[in-house]
Amino acid sequence: MQLLKKTLPVFSYIYHPIFISIYGTLFYFLVSPSYEFIPLNRVYLILIQVAILTLLLPLSLYFLFVSLGIISSFTEASIKERRVPITIQAFLLFFLLKFSVSLEELPELYYFFLGGFLSSVMALICVLMKFKASLHMIGISSLATFIFGLATLFELPLVNSVALSIVCVGLVASSRLYMKSHTNLELLVGLLIGIFSQVVLWYFWL
């Protein structure tokens, strides 16, 4: 039990929202039958674009914001500090949808990112309402819901992957509580936003 408590904060870093898009993209290309019909160089290009727009560029901006005093922590942020990063995240996901991931070519992945864009907008609305919904829970629950959706769509035996993703949702929630970063309500709202933003789009691709 003591070992688990010491390792819980690690899950806040492993499943930081900034990594969720690349996790989802990698998982999609690993399990999707569509992968066989997409040129390998195209797959690499999409992975690079996703990495730049959702990981490398946000990380660079994070260090810039820290140096300017706009935000103070990679895993912790006050309500005020969340406004600029979440707004930028929404714009970057919009650019990704507009110029990188095609609805015709990769519909499942397109709707995954569209769900990410919707969840960013809802998280920003929460911030404007002075409520700090857990971004970690939004990210991990979105990923878990996407994995479940892919397993259902392609009728793949991904029971272990789905189960592991659900366990990770619990571990991330426990991590955020252990670090005293969120209340139960903030975690619950983040969970619901993450699930809703993906499920609401299932009508179009599942």
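Let's start with a pair of helices: α3 (residues 40–68) and α4 (residues 79–99) pack at an angle of about 160°, and their axes are 10 Å apart. That angle makes α3 roughly antiparallel to α4. Please keep in mind as you read on that this is a predicted model.

**Helix α3 against helix α4**

- The crossing of α3 and α4 is right-handed.
- On the α3 side, the contact is made by Gln49, Val50, Leu53, Thr54, Leu57, Pro58, Leu61 and Phe65, which meet Val84, Ile88, Leu92, Leu93 and Leu96 of α4.
- Sorted by class, this contact of α3 with α4 has 11 nonpolar residues, 2 polar ones and no charged ones.

**Helix α2 against helix α3**

- Helix α2 (residues 17–31) also packs on α3: the axes of the two come within 8 Å and cross at roughly 170°.
- With that angle over 145 degrees, α2 is roughly antiparallel to α3.
- The crossing of α2 and α3 is left-handed, whereas that of α3 and α4 is right-handed.
- From α2, the residues in the contact are Ile18, Phe19, Ser21, Ile22, Thr25, Leu26 and Phe29. From α3, they are Val43, Ile46, Leu47, Val50, Ala51, Thr54, Leu55, Pro58 and Leu59.
- By class, the contact of α2 with α3 has 13 nonpolar, 3 polar and no charged residues.

**Helix α7 against helix α8**

- The residues of the α7 and α8 contact divide into 5 nonpolar, 1 polar and 1 charged.

**Aromatic residues**

- The structure holds 14 aromatic pairs.
- In one of them, the rings of Tyr28 and Phe29 have their centres 5.4 Å apart and their planes at 65°, so the pair is edge-to-face. Tyr28 and Phe29 are both buried.
- Tyr110 and Tyr111 form another edge-to-face pair, with 5.5 Å from centre to centre and 85° between the planes. Tyr110 is buried, and Tyr111 is too.
- Phe94, Phe95, Phe99 and Phe117 form one aromatic cluster.

- Val167 sits in helix α7, which spans residues 159–178. With a relative accessible area of 48%, Val167 is partly exposed.
- Val167 and Ala144 are 23 residues apart in sequence, and their C-alpha atoms are 9.5 Å apart in space.
- Leu171 is in helix α7 as well. Leu171 and Tyr15 are separated by 156 residues in sequence and by 9.8 Å in space, C-alpha to C-alpha.
- If you set aside its neighbours within four places in sequence, Leu171 is in contact with Leu8 and Phe11.

**Loop residues with a positive phi**

- Lys130 has a positive phi of about 65° although it is not a glycine. You will find Lys130 in the loop between α5 (107–128) and α6 (135–153).
- Lys130 counts as exposed, at 57% relative accessibility.
- Glu155, another residue other than glycine, has a positive phi near 50°. Its place is the loop between α6 and α7.
- Glu155 counts as exposed, at 71% relative accessibility.

How values were computed: Residues numbered from 1 in each chain as written. Predicted model: local features only at pLDDT ≥ 70, side-chain atom pairs only at ≥ 80, totals over all residues. Heavy atoms only, no water. Axes fitted to C-alpha atoms, helices over the stretch in contact; angles between N-to-C directions. Helix = DSSP H or I, 4+ residues; strand = E, 2+ residues; numbered from the N terminus. Parallel < 35°, antiparallel > 145°, perpendicular 65-115°, else oblique. Left-handed = near helix turned anticlockwise from the far one by under 90°. Contact = heavy atoms within 4.5 Å. Nonpolar A, V, L, I, M, F, W, Y, C, P; charged D, E, K, R; others polar. Phe/Tyr/Trp six-rings, centres within 6.5 Å; stacked < 30°, edge-to-face > 60°. Buried < 20%, exposed > 50% of the residue type's maximum accessible area, 1.4 Å probe, protein only.
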